[in-house]
Amino acid sequence: MGGQGLGSLEQLVLLAVLRLGSDAYAVSVRDEIRRRTSRSISRGAVYVTLDRLERKGYLSSELGRPTAERGGKAKRMYGLDPRGRSALQQSLSELKRMAHGLDDTLEIGGRPA
Amino acid sequence: MKRRLGAAVACLLPKRYREAVLGDLEEEGRPSGTPGHLGAVIGIVVRFHAEPWRDDGARWGALVTVVLAAGLLRIVPAARWPDPGTVLALYDDPLARGAIHVWSAPHLTAAVAAGLLIGHSPWIPAFAGTLRWQLALALALPASWAAPGGFAILAPLLLLAATWVGQRGLASNGGAQGSPRRVP
């Protein structure tokens with residue numbers, strides 16, 4: 001899978017699924033990304049990204065139990081697959097290597113250049 | 001009215017996600033019939049329908065399919081027998097009459113053939129099932145323009161119906177629309 005890199009939204013979605021553990025579904029993933037990055041992502045973008053990651057074999061999903069607050073409709077719950085974990089590790093380590101030593105230039109952490 | 005429109009638009013979502021998407025909107029305080037529900041569903045449907053175009057294989061498959069289907073819409077009517085009477089003079093039996101009858105409405109035959117091709121096209125990957133409907137809708141208009149008189153309404157309807165039939169055949173063979181596919 002090394003030849004197939006992750007897009008930035010794909011990285012965020014995989015990280016959100018990893019953080020949320022057993023409570024990862026489209027709404028919680030979108031909320032988690034918004035809460036941590038202040039980025040507002042459309043619902044549609046989250047659904048198609050989850051679908052794409054599942055097709056790539058990075059995520060797996062199953063329908064949960066229907067609940068009353070959802071009008072009797074089930075959630076589609078997502079979990080990170082080993083391939084997804086490894087793709088995420090590779091993608092983040094590439095990013096780290098590329099950003100290494102550029103903290104001052106990029107003013108990461110609010111430090112002046 | 002809005003509730004019915006919302007339900008109709010939700011039908012355009014991949015079947016696999018329909019329940020979860022509608023449940024998510026309900027959870028977020030946008031149940032069917034409330035302000036914002038229709039817009040939210042349309043936004044999600046648009047993203048799902050745009051997604052296959054990101055994939056090179058799906059794009060090429062769509063191109064090949066639409067060219068072949070457009071070719072059928074053009075070639076089949078052009079292949080019509082100029083004078084069915086000569087055939088009937090030679091073979092005047094129910095089978096020949098039936099064949100002539102079908103062939104005398106070649107625009108409808110072409111629409112059915114094009115629809116079946118789009119619905120069953122092997123060049124469109126299983127995950128890109130929404131593309132089939134986009135192509136069918138795109139060709140429905142030319143099918144209508146090309147067909148004479150009353151056939152102008154019937155031809156696009158037959159094309160869409162044949163697409164549905166073709167796609168159902170594909171689903172029953174294991175290529176269900178919208179189901180995730182593992183890519184290498």
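Into which domains is chain B divided? Chain B falls into domain 1, residues 2–51, and domain 2, residues 55–172, the bounds being taken from an automatic or database domain assignment. The C-alpha centres of domain 1 of chain B and domain 2 of chain B are 31 Å apart.

This is a predicted model, in which local features need pLDDT of at least 70 and side-chain atom pairs count only at pLDDT 80 or more, whereas totals for chains, interfaces and linings use all residues. Residues are numbered from 1 along each chain as its sequence is written, while chains are lettered from A and ligands numbered from 1 in the order in which they are written.

**Confidence**

For the complex, the predictor gives an ipTM of 0.84 and a pTM of 0.78. The mean pLDDT of chain B is 84, and 85% of its residues reach 70 or more, where pLDDT is the predictor's confidence in each residue on a scale from 0 to 100. Residues 174–179 of chain B have a pLDDT below 50, and this stretch has 14 contacts in the model beyond near neighbours in sequence; two residues are in contact if their C-beta atoms, placed from the backbone, lie within 7 Å.

**The two chains**

Helices (DSSP H or I runs of at least four residues) and strands (E runs of at least two) are numbered from the N terminus. A residue is buried if 20 or more other C-beta atoms lie within 10 Å of its own, exposed if 12 or fewer, and partly exposed in between, with C-beta atoms placed from the backbone. With these terms, the chains can be set out as follows.

The C-alpha trace of chain A spans about 55 × 30 × 20 Å along its principal axes.

Helix α1 of chain A, residues 8–20, has 13 residues and reaches 18 Å from its first C-alpha to its last, close to the 18 Å expected at 1.5 Å a residue; the expected span is 1.5 Å times one less than the number of residues. Buried residues in α1(A) are E10(A), L12(A), V13(A), L14(A), A16(A) and V17(A), and their cover includes α2, α3, β1 (59–63), β2 (76–80) and α4 (82–99) of chain A. After α1(A) comes G21(A), with a positive phi near 60 degrees. The 18 residues of α4(A) should span 26 Å at 1.5 Å a residue, which agrees with the 26 Å between its end C-alpha atoms. Just after α4(A), G101(A) takes a positive phi of about 85 degrees.

Most residues other than glycine have a negative phi. S38(A), however, has a positive phi near 60 degrees although it is a residue other than glycine. S38(A) sits in the loop between α2 and α3 of chain A and counts as exposed because it has 7 C-beta neighbours inside 10 Å.

In the loop between β1 and β2 of chain A lies P66(A), which is partly exposed because 13 other C-beta atoms lie within 10 Å. Leaving aside residues up to four places away in sequence, P66(A) touches G72(A), K73(A) and A74(A). P66(A) and S42(A) are 24 residues apart in sequence and 24 Å apart in space, C-alpha to C-alpha.

**Interface and cores**

Between the chains, 21 residues of chain A are in contact with 23 residues of chain B. On the side of chain A that touches chain B, α2 (26–37) and α3 (43–55) of chain A each supply at least two residues, and α3(A) gives the most, with eight. By class, this side of chain A has seven nonpolar, four polar and ten charged residues; here Ala, Val, Leu, Ile, Met, Phe, Trp, Tyr, Cys and Pro count as nonpolar, Asp, Glu, Lys and Arg as charged, and the others, Gly among them, as polar.

A nonpolar core is a set of buried Ala, Val, Leu, Ile, Met, Phe, Trp, Tyr and Cys residues joined through C-beta atoms within 7 Å. The largest nonpolar core has 34 residues, and those with the most contacts inside it are V13(A), V17(A), V29(A), Y47(A), L50(A) and V21(B). The elements giving two or more residues to this core are α1, α2, α3 and β2 of chain A together with α2 (15–27) and α3 (37–50) of chain B. V21(B) touches Y47(A), L13(B) and I44(B), residues up to four places away in sequence not being counted. Apart from this core lies another, of 30 residues, among them A69(B), L72(B), A110(B) and I124(B).
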